[in-house]
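Biologist: I would like to learn how to read strand faces, strand pairing and the surroundings of a side chain. Please take them one at a time.

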Amino acid sequence: MATAVQKITLSASRDIPFNKLVLSQANVRRVKAGVSIEDLAEDIARRTLLQSLSVRPVLDAEGQETGMFEIPAGGRRFRALELLVKQKRLAKTAPVPCVVREGGIAEEDSLAENIQRVALHPLDQFRAFQALRDKDLGDEEIAARFFVTATVVKQRLRLAAVSDKLLDIYADDGMTLEQLMAFTVTNDHARQEQVWDAVSRSYNKEPYLIRRQLTEGAVRASDRRARFVGMDVYEVAGGVVMRDLFQHDDGGWLQDPALLDRLVTEKLQAEAEALRAEGWSWIAVATDFPYGHAAGLRRLTGETVELSEEENASFAALKADQDALEEQYAQADELPDEVDQRLGEIETAIAAFENRPVRYDPSEIARAGIFVSIDNDGALHIERAFVRPDDEAPVEPVRGGDGDAPETAATAGGAIQRAVITIGGAPTGSEIDTPDEDETIRPLSDRLVTELTAHRTLALRDAVANDPHIAFQAVLHALCLNAFYRYASNTCLEITAKHSGFSAQAPGLAETASARAIDTRHAQWAKQLPEAPAALWDSLTAFDSDSQDALFAHCAALTVNVVKEPWNRRPDAFAHGDQLAGTVNLDLAAAGWAPTVDNYLGRVPKARILEAVREAKGEQSAQLIDHLKKTEMAKEAERLLAGTGWLPEPLRLVEVAPVADESTGESEALPDFLAGDEDEAPADADEEPAHMAAAE
């Protein structure tokens with residue numbers, strides 16, 4: 001005979017006045033967690049109690065009900081109701097829906113209620129927020145109802161907007177929440193699914209890799225072009241910006257580089273049109289010019305426009321305000337926000353006064369030009385007053401065609417004519433009566449002039465050799481002519497300072513700290529030197545010894561060249577470059593060089609990349625990326641090497657062995673990296689052979 005199934009009898013429910021309820025010591029919840037009592041009270045006030053309390057009757061000593069009920073499960077809801085009663089928003093005798101339990105263990109009821117409760121899956125929360133949005137609730141209103149910030153609501157809504165295919169994968173635990181967050185940087189579902197298909201088949205599924213692939217080809221908002229145009233202008237023109245709501249994204253990514261470049265070009269052209277009124281001969285416009293683009297051009301020296309009386313008064317007032325604030329808060333550990341803001345405004349205004357416009361000779365402007373580009377901060381960068389060699393004013397010939405006599409206007413047309421000498425506007429008698437040939441003072445012969453000046457040259461050499469100060473100034477004069485006056489020949493010293501350019505424009509070369517420092521120093525010296533090379537000697541004579549030393553060092557430094565080129569073998573020069581670098585304790589990392597994909601990591605084999613990471617961060621860090629493809633390995637290596645100060649071999653200080661005596665037959669050894677060339681590895685190569693050094 002089959003056993004009858006026992007029917008379950010559910011606990012009765014009833015409404016119990018609030019003042020008949022008390023907390024039970026059997027409630028297992030002791031640690032505060034989740035929504036606060038205050039927020040729960042506000043939620044109950046908005047939508048009333050959604051879940052009944054579990055209570056048990058309080059018995060007296062004889063086991064009889066006292067009319068009071070204790071709450072082993074639902075203590076937080078009771079506390080929230082209690083708060084509403086204290087705020088007089090709920091009556092003390094208000095009926096509270098309760099499930100009355102009898103029998104069993106009270107602690108078990110409390111534990112079961114909390115353990116058997118299943119938290120809402122995050123995806124359900126995302127979709128619920130989306131459903132509320134579809135019912136015309138705004139982000140702020142949703143945030144207020146669930147006691148979160150509007151940013152959290154935006155994040156949840158962005159997660160709900162990911163491709164349904166990826167959401168299903170996330171719901172089935174096929175991807176992590178962090179991976180799903182990475183897909184929110186774009187709303188393109190097809191692109192999201194394409195990236196996931198690629199990532200899911202690879203070993204590396206890190207969120208940073210997903211973000212990198214989704215933003216590939218986009219332009220960061222921190223790019224100089226984006227800052228120059230402005231995000232508002234880009235978006236008004238129809239450009240789309242990708243944003244990451246879960247990580248700092250520096251303003252996002254611009255998805256339409258072609259549109260951005262067009263806007264940059266249009267704005268630069270508009271700026272150039274405005275500059276046309278200044279009267280320049282030519283205006284060169286580019287987003288960025290290569291380093292050394294002004295080499296071989298003469299820079300005009302203008303006159304700084306003086307401050308007017310009104311501007312002088314304003315400048316003095318600003319300086320007085322600045323000095324007063326700095327003195328007042330000299331001992332303060334931290335400046336108040338309003339004071340810090342005011343000091344910033346004063347510094348900006350003072351900088352505007354100090355950066356005075358320069359006035360140039362109109363005749364010089366007519367043959368000179370300007371470069372218009374964008375600086376590293378995204379601001380308009382204008383370089384004025386450059387004269388090309390072809391635009392230089394024609395120079396009157398000093399000597400005749402045969403090198404003997406000065407050529408004059410009388411020789412124009414090829415026929416030699418006598419020069420007309422006038423005194424007071426009338427011709428002299430010699431123009432009428434030709435004197436005898438023996439009485440005419442004729443120029444000295446070339447041979448005699450050569451012999452006489454040979455004597456003078458030897459005497460001058462000896463005199464200069466006995467005056468080191470003048471010798472130093474003479475060399476400085478020659479160096480300055482080469483550095484600041486192109487094609488000038490106003491020196492008798494046969495010293496040529498060669499300023500080599502760069503055969504290959506290294507990425508970011510013009511923006512390095514070294515390039516900026518050299519350009520700034522060169523511009524400062526150019527302002528102190530005369531415009532005409534003939535006046536240079538007198539100007540150098542007026543300099544004190546410290547100024548001459550500093551200028552000499554600058555000019556000498558411009559001639560340094562340790563660029564290694566495959567067609568230009570100079571082992572002795574490279575060895576001297578190592579000695580010079582060691583003497584000045586050259587540190588390329590301190591100078592601002594750091595390995596990037598563009599300048600090193602993307603152009604060497606994978607073995608070199610791993611070697612760099614291993615040297616800087618250790619074997620464990622190298623193992624983190626040894627499975628990656630070449631492109632991704634280079635990008636991750638750039639991140640790992642940032643701030644480590646690691647340098648490739650050609651940039652390190654090299655201890656050069658002393659050169660042995662020639663009689664021994666031994667020669668000086670070159671550093672390994674100078675012994676041969678290494679071909680650049682293709683960016684998309686998976687495996688490359690190890691580097692092999694060839695003998696010099």
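The dialogue below goes through these features in turn.

Modeller: This is a predicted model, in which local features need pLDDT of at least 70, side-chain atom pairs count only at pLDDT 80 or more, and totals for chains, interfaces and linings use all residues. Residues are numbered from 1 along each chain as its sequence is written, and side-chain values use heavy atoms, with hydrogens and water left out.

Biologist: Which residues form the covered face of strand 5, and which the uncovered one?

Modeller: In a regular strand the side chains alternate between the two faces of the sheet. Strands are DSSP runs of E, at least two residues, and helices are runs of H or I, at least four, numbered from the N terminus. In strand 5 (residues 95-100), Val96, Cys98 and Val100 make up the covered face, while Pro95, Pro97 and Val99 make up the uncovered one.

Biologist: In what sense does strand 5 pair with strand 1?

Modeller: Two strands pair if DSSP finds at least two bridges between them. Strand 1 (residues 13-17) is antiparallel to strand 5, over five bridges, with Ser13 opposite Val99. Strand 3 (residues 53-59) runs parallel to strand 5, joined by three bridges, and Val55 faces Val100 there.

Biologist: Is Gln179 buried or exposed?

Modeller: Buried means under 20% relative accessible area, exposed over 50%, partly exposed in between (1.4 Å probe, protein chains only). Gln179, in helix 8 (residues 177-182), counts as buried because its relative accessibility is 9%.

Biologist: Which residues does Gln179 touch?

Modeller: Contact means heavy atoms within 4.5 Å. Leaving out residues up to four places away in sequence, Gln179 touches Trp196, Lys205, Pro207 and Ile210.
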